[in-house]
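Biologist: I've got this one open on my screen. Can you walk me through how the chains meet and what the inside looks like?

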There are 2 protein chains.
Amino acid sequence: MAKKTKKSTPAPLTFTEALRAAPGFDLRAVDTRSTPAFEGGKAAGQSLLGPLAARIADLQERLYAEAKEGADRSLLLVVQGMDTSGKGGIMRHVVGAMDPQGIHLTSFKAPSPQERKHPFLWRIRNALPAPGLIGVFDRSHYEDVLIVRVHDLVPRATWSRRYGQINAFEKRVVESGTPVVKVMLHISPDEQKARLGERLDRPDKHWKFNPADIDERLHWPAYMEAYQAAIDRCSTDLVPWFVVPADRKWYARLAVTQLVLAALEGMAPQWPAVSFDVEEQRRRLAES
Amino acid sequence: MAKKTKKSTPAPLTFTEALRAAPGFDLRAVDTRSTPAFEGGKAAGQSLLGPLAARIADLQERLYAEAKEGADRSLLLVVQGMDTSGKGGIMRHVVGAMDPQGIHLTSFKAPSPQERKHPFLWRIRNALPAPGLIGVFDRSHYEDVLIVRVHDLVPRATWSRRYGQINAFEKRVVESGTPVVKVMLHISPDEQKARLGERLDRPDKHWKFNPADIDERLHWPAYMEAYQAAIDRCSTDLVPWFVVPADRKWYARLAVTQLVLAALEGMAPQWPAVSFDVEEQRRRLAES
């Protein structure tokens, strides 16, 4: 038989493309066990992490190096998700794979009395990464339109203004040289039930369990509504939300790694030129 | 021939024992290429790091967990050493092997104008780890009796008082529940020459080179004298100095890992008891 003409297939979506919450995005339509932009299984996904971490390490060091010579850029990773969605695992395995010297990690808890005296973005602004660093937020300013909205911790008029304030704030952050990668780890309520159950079954996990987690769980639909609103209002062209199906922990880790890598590649940091004369310094060193 | 009676051989020294600077310790007598408490070579040393990191991870999580239930302990690792002695590598590979959520890393640079307005221990105290964390100092208050002494950046009467102030400070830190592991990475001047040369040879390392490093190098004997004085005066029973031969990077990383592990094992943190009724929570979860 004669050779068939090859049909051109469209290029597969990147993680960045597949996970981006575009206008009209519907959280309810996401299969939390799916693995967008990835065809392989767990073993294949895990085997990619090492090589991806090596590429991130190179870019992270370049970002750090260029700042040492005066550049003014950094990167910010924001991680949100329901209890047990795997935020801690992202910190341990994805952030933990990077050089700690180049990381500025902040875990946001309920605001302290001192923090409450300031506008909600005050503590967020104080935690932004210095030039050359990768900032990581474990929870973030989005809690101020999530738990705060679900429980009406401030008047509706107050939290409803915050979406616009967040957009304006994030725009300033990006324009000042800090791209923002905003991730929601999305699990199903059944997956949360299984994970909370594991915390109750294992004495070495008891400390991670809080009876209030079950109270919060009862507000699941209200939380999903609040996440949908945060995505509707704050997934902008400049700072889109990425919704990562997270029932499979290995996939969530792979996806966040890929999103961080893509953002760093987009920044394309370069080894800085230095101001000294290399030959002269070689001579001085030889004589020393 | 009849069997010989087995002679009892003394147990090999632990890293903690072999590296501790005891009274009378002489820095000049240290072979910076030696590998105290370790018989194997590079490959054997490197293959130990994974299993040791797993033991540290378990203890680190217990330390973090007990603090969440009210315990008030933390650990502090202080890393000192001449330029190129491998402090950055310890941060990347040893500290980087731990969970970043449980790490509070501070790199001390020349004090800022604001810091200069305060006593030298002010910024150190502010960087102490919160309960449950492992604090890491890349350089430390010892710079105030090292570079400051070598260059007489303050009057001699001032820096000579600091040894006693440091001992009193460290005693308070330990007694408040924070053991301190104090490490000097000890390289030879020839090894430094080779490492500075590599920074000049590789464009991706140029940013790490500073012509002032060669100026500092010319003060090597004065620095060794200052280190010897810091060890003589501040290697106490409560907070000894550990001098780690560091010409072999793999050995220095193994040694610091072992010292941290031994300190954590000495603390023996336990999974905390929790105050809720597990059965009751299981029931609530099932109904949720």
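Modeller: Chain B puts 43 residues into the contact and chain A puts in 43 residues, with contact meaning heavy atoms within 4.5 Å. Keep in mind that this is a predicted model, where local features need pLDDT of at least 70, side-chain atom pairs count only at pLDDT 80 or more, and totals for chains, interfaces and linings use all residues. Residues are numbered from 1 along each chain as its sequence is written, chains are lettered from A in the order in which they are written, and side-chain values use heavy atoms, leaving out hydrogens and water.

Biologist: How much area do chain B and chain A bury between them?

Modeller: The size of an interface is often given as the accessible area lost when the parts come together. Here that buried area is taken with a 1.4 Å probe and summed over both parts. Carbon and sulfur atoms carry 63% of it, and the total for chain B and chain A is about 3900 Å².

Biologist: Which residue of chain B forms a salt bridge with A:Asp99?

Modeller: A salt bridge here is a side-chain nitrogen of Lys or Arg within 4 Å of a carboxyl oxygen of Asp or Glu. There are 8 salt bridges between chain B and chain A. In the one with A:Asp99, the closest N and O atoms are 2.7 Å apart, and the partner is B:Arg92.

Biologist: Which helix gives the largest share of the side of chain B that touches chain A?

Modeller: Helices are DSSP runs of H or I, at least four residues long, numbered from the N terminus. Those supplying at least two residues each include α2 (42–68), α8 (189–201) and α9 (211–217) of chain B. The largest share, 6 residues, comes from α12(B).

Biologist: Moving to chain A, why is strand β1 described as largely enclosed?

Modeller: Buried means under 20% relative accessible area with a 1.4 Å probe, protein chains only, and a strand is a DSSP run of E, at least two residues. A:Leu75, A:Leu77, A:Val79 and A:Gly81 point one way, A:Leu76, A:Val78 and A:Gln80 the other, and all are buried. So β1 (residues 75–81) of chain A is largely enclosed by the rest of the structure, because the buried count is 7 of the 7 residues.

Note on methods: Buried < 20%, exposed > 50% of the residue type's maximum accessible area, 1.4 Å probe, protein only. Buried area = accessible area lost by both parts, 1.4 Å probe.
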